[in-house]
Amino acid sequence: MVEFAGVGNTRQGPTVLLRTLAKSIQSRYAGLMPGPYHPLVEEWKTIAGTVEWSSPPASEDGAIDFNVPLDIGETTVAGLALRGKAYGHLPDMAVTFQLEVGQDGMRTRVPLIRLDWKPRSQWHQNPNKTRISGTHAHPFEANWLEGEQRMRRGNLPWAEKVAEFHAFSEVLDYAKNLFRINDIDLIPIPEWSSTLF
């Protein structure tokens with residue numbers, strides 16, 4: 001069960017809030033109770049903090065990143081976050097955004113949706129061996145196993161091609177609807193440079 005931490009004047013407990021979120025999208029799933037992550041994906045969210053890319057790089061390969069919690073309504077959802085990754089020496093490419101959630105009692109996080117803009121790897125291969133080049137998204141629906149009520153193994157193995165973007169602002173415009181984050185434009189452009197260090 002995903003826990004919710006109340007913020008502001010929200011008076012609902014974790015179970016009541018999850019049930020309320022699930023009911024708001026129940027009709028989309030043919031009357032069935034959505035799985036544990038559906039409300040987190042389907043509801044519109046806002047950023048619950050300041051987004052700052054790491055500086056200096058988070059790793060030796062020049063990667064920079066951020067991890068910011070998300071609100072649904074006036075409630076910050078415990079463990080729900082948007083993660084971003086880029087490379088300081090690779091302007092206008094190799095940017096990843098991922099919606100993810102923590103699991104009770106586990107250090108690893110569950111990825112729900114990912115967007116890869118001009119990734120460093122030339123190809124992504126789906127489980128059926130189809131290959132995708134360039135910018136692509138890993139949608140929730142393609143990576144959710146309804147019968148088992150869990151995400152597929154393999155870190156969102158199914159992806160679909162999306163149109164190429166020419167600027168960081170275009171990536172954010174697309175990501176706004178993909179992740180359902182109203183104020184995603186608060187994410188600043190990474191501090192890119194032409195050299196690794």
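The model is a predicted one, in which local features need pLDDT of at least 70 and side-chain atom pairs count only at pLDDT 80 or more, while totals for chains, interfaces and linings use all residues. Residues are numbered from 1 along each chain as its sequence is written, and side-chain values use heavy atoms, with hydrogens and water left out.

I then followed the strands (DSSP runs of E, at least two residues, numbered from the N terminus). Strand β4, residues 95-102, pairs with β5 in the antiparallel sense over eight bridges, where pairing requires that DSSP finds at least two bridges between two strands. With strand β8, residues 136-138, β5 pairs in the antiparallel sense over three bridges, and there L115 has A137 as its bridge partner. Of the nine residues in β5 (109-117), eight are buried, meaning under 20% relative accessible area, with exposed over 50% and partly exposed in between (1.4 Å probe, protein chains only).

Next I turned to the rings and noted seven aromatic pairs. F165 and Y174 form a tilted pair, 5.4 Å centre to centre with 45° between the planes. Rings of Phe, Tyr and Trp (its six-membered ring) pair if their centres lie within 6.5 Å; planes under 30 degrees apart count as stacked, over 60 as edge-to-face and the rest as tilted. F165 is buried at 9% relative accessible area, whereas Y174 is partly exposed at 28%. I also recorded one aromatic cluster formed by W53, F66, F97, F168 and W192.

Definitions and conventions
Helices (H or I, at least four residues) and strands (E, at least two) are DSSP runs, numbered from the N terminus.
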